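This report examines a predicted protein model. Please inspect the sequence and coordinates shown below before reading on.

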Amino acid sequence: MTLPSVVIVDYGVGNLRSIQKMAEHVGMRADISGDHAVVAGAARLILPGVGHFGRAVERFRAAGLEEPLKEAVIARGRPLLGLCVGAQMLLSWGEEGEAEGLALIPGRVVRLQESANLKVPNVGWREVVPLRDHDLFERHAKLRFYFMHSYRLEPEFQDDVVATSRHGQDFAAVIGRGAITGVQFHPEKSHLFGVDLFQRFART
Amino acid sequence: MTRSETDQANARLVPVLLIADGRLVKTTRFRNPVYLGDPINAVRIFNAKAVDEITILDISATPAGRGPDFDLIAAICEEAFMPVSYGGGITNREHAARLLRSGADKVIINSALHERVELVHEVADLFGSQAVCASIDVRRSPFGKRHVVSRSARRKQTASPEAWARRLVEAGAGEIMLQDVDRDGTMAGYDHDLLKSVASAVGVPLVACGGARDLDDLVRAVAEDGVSAAAAGALFVFYGPHRAVLINPPSQDEFTARLRAAQPAIV
């Protein structure tokens, strides 16, 4: 039996080992790669990302990875999971750096609302509420994940919001369209909840 | 300062793992480290127990005059399926940057701040205040007066815990960790007066550490004293009167359920 495999797309940002460890923990073969052919031919993909939206997409494009990624995801219909800034990159435009995203899901990335009672960045464990059925979540489960972000996902169409969390107001914690999913939180830092999500991703 | 019930229900339970020369140990009153095992193995157990955050403190770094053991911390962070805070031997922002790149989510700084409190601001400026926790070690004089100590409790400082906590928050700390040297490893119960006094002195989350006795004690620190996180070492790694090594923290769900049941603090 061959293991389900995933390619963690490496474009030079962030620490990818914790993601790889989590994928391996649930029985996936996980390769960290920025090779165009490896990305284009992947069975499934994780798009990581930390830090600044504009700089992340710039580096991703400079590495020549947009076309190989889209070949795997659009032409070949392979599952893609974006994490944190990697999820934000799935949308069309980001306020941070005012840059174009990959536009795999229509929408924008905008700054979280800030006030005396609402801290930005939003850091910590938060409840996540699924709004509909999805491959990566139990519909009625009580979910908690670890967040660390200053900007939020704002898809153009409500149908693309899979799950929400709260920071003053409800915001999209998970977006998804077809086999493309983006999660604003860090499943690789969310122990049992992250393990469950990765296990489900391995079965997509 | 008042807090919402939501804040209280979000309070964290934080196991503190002490490292000395690469080995997992537990001290009593900051002395007599007892060897517990391999830190990586401990982290794997905490994964299985699904704790929401762990704190790693290298107690051998500052006394040896060295910086953090970056390779060990990277190895621990790789194994940890939860956020990791690290403290021990951090004296400059390059240390902090390298730790955060190695997979740590937060750095904990203590002794270096008594020489240069601006370090808090320098790190917070680069990585945000949520990435910087300033730690305060507290001891009592023979007459019971509490004072701040540094350098593994070897050096006495003049400031009161409350005044020093306020100073660290002014300098940009996103969180304060309060370590009670006299109760460390004793499981005699937190000093609730101290916790209450420091928690009300600052507007940022306070992490209580030193002396935690049992689940009731942890719940009380949050519900009555106003701390945001209840940390413990001995309580989570020792079992029974003979202190057999058994890593067995209460679950976050159990803790949260107890907090929800507890009356909110009357302010």
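The sections below treat the basis of the model, the interface, the salt bridges, the nonpolar core and selected backbone positions.

## Basis of the description

This is a predicted model, in which local features need pLDDT of at least 70 and side-chain atom pairs count only at pLDDT 80 or more, whereas totals for chains, interfaces and linings use all residues. Residues are numbered from 1 along each chain as its sequence is written, chains are lettered from A and ligands numbered from 1 in the order in which they are written, and side-chain values use heavy atoms, with hydrogens and water left out.

## Interface between chain A and chain B

Contact, defined as heavy atoms within 4.5 Å, links 20 residues of chain A with 21 residues of chain B. About 1600 Å² is buried between the two chains, and carbon and sulfur atoms give 51% of that area. Buried area here is the accessible area (1.4 Å probe) that two parts lose on being put together, summed over both. On the side of chain A, the most area is lost to chain B by A:Lys21, A:Lys189 and A:His191, which together account for 33% of what that side buries.

Four salt bridges are counted between chain A and chain B, a salt bridge being a side-chain nitrogen of Lys or Arg within 4 Å of a carboxyl oxygen of Asp or Glu. A:Arg17 and B:Glu78 form a salt bridge through their side chains, with an N to O distance of 3.2 Å. Two or more residues each are given to the chain A side by helix H1 (17–25), strand S8 (122–130), strand S9 (143–149) and helix H6 (191–202) of chain A. These elements are DSSP runs numbered from the N terminus, with helices (H or I) of at least four residues and strands (E) of at least two. H1(A) supplies the largest share of that side, five residues. By residue class, the chain A side divides into eight nonpolar, five polar and seven charged residues; Ala, Val, Leu, Ile, Met, Phe, Trp, Tyr, Cys and Pro count as nonpolar, Asp, Glu, Lys and Arg as charged, and the others, Gly among them, as polar.

Over all chains the count comes to 35 salt bridges. In chain A, A:Glu154 and A:Arg152 meet in one at 3.4 Å, N to O. A:Glu154 is partly exposed at 25% relative accessible area, whereas A:Arg152 is buried at 14%. Buried means under 20% relative accessible area, exposed over 50%, and partly exposed in between (1.4 Å probe, protein chains only). In chain B, B:Asp58 and B:Arg66 form a salt bridge of 3.3 Å, N to O; B:Asp58 is buried at 6%, and B:Arg66 is partly exposed at 30%.

B:Asp191 pairs with B:Arg140 in a salt bridge of 2.7 Å, N to O. B:Asp191 lies in the loop between S10 and H8 of chain B and B:Arg140 in strand S7 (residues 132–140), so the pair ties together parts that are 51 residues apart in sequence. B:Asp191 is buried at 9% relative accessibility, while B:Arg140 is partly exposed at 21%. Salt bridges with shared partners join B:Arg139, B:Arg140, B:Arg146, B:Asp180, B:Asp182, B:Arg183 and B:Asp191 into one network.

B:Arg146 belongs to strand S8 (residues 146–150) of chain B and is partly exposed at 26%. A polar contact of 3.2 Å joins the side chain of B:Arg146 to that of B:Asp191. Beyond four places in sequence, the contacts of B:Arg146 include B:Val138, B:Pro161, B:Asp193 and B:Leu194.

## Nonpolar core

The largest nonpolar core has 75 residues, of which B:Ile54, B:Ile109, B:Ile136, B:Leu218 and B:Phe255 touch the most other members. Such a core is a set of buried Ala, Val, Leu, Ile, Met, Phe, Trp, Tyr and Cys residues joined through side-chain atoms within 4.5 Å. Residues that B:Ile109 touches, not counting those up to four places away in sequence, include B:Ile90, B:Leu119, B:Val123 and B:Val132.

## Backbone positions in loops

B:Ala50 has a positive phi of about 55 degrees although it is not a glycine. B:Ala50 lies in the loop between helix H2 (39–48) and strand S4 (54–58) of chain B and is buried at 9% relative accessibility. B:Met187, also not a glycine, has a positive phi of about 55 degrees; B:Met187 is found in the loop between strand S10 (175–180) and helix H8 (192–201) of chain B and is partly exposed at 25%.

Notes:
Polar contact = N/O pair within 3.5 Å; in protein donor to acceptor, adjacent residues only side chain to side chain.
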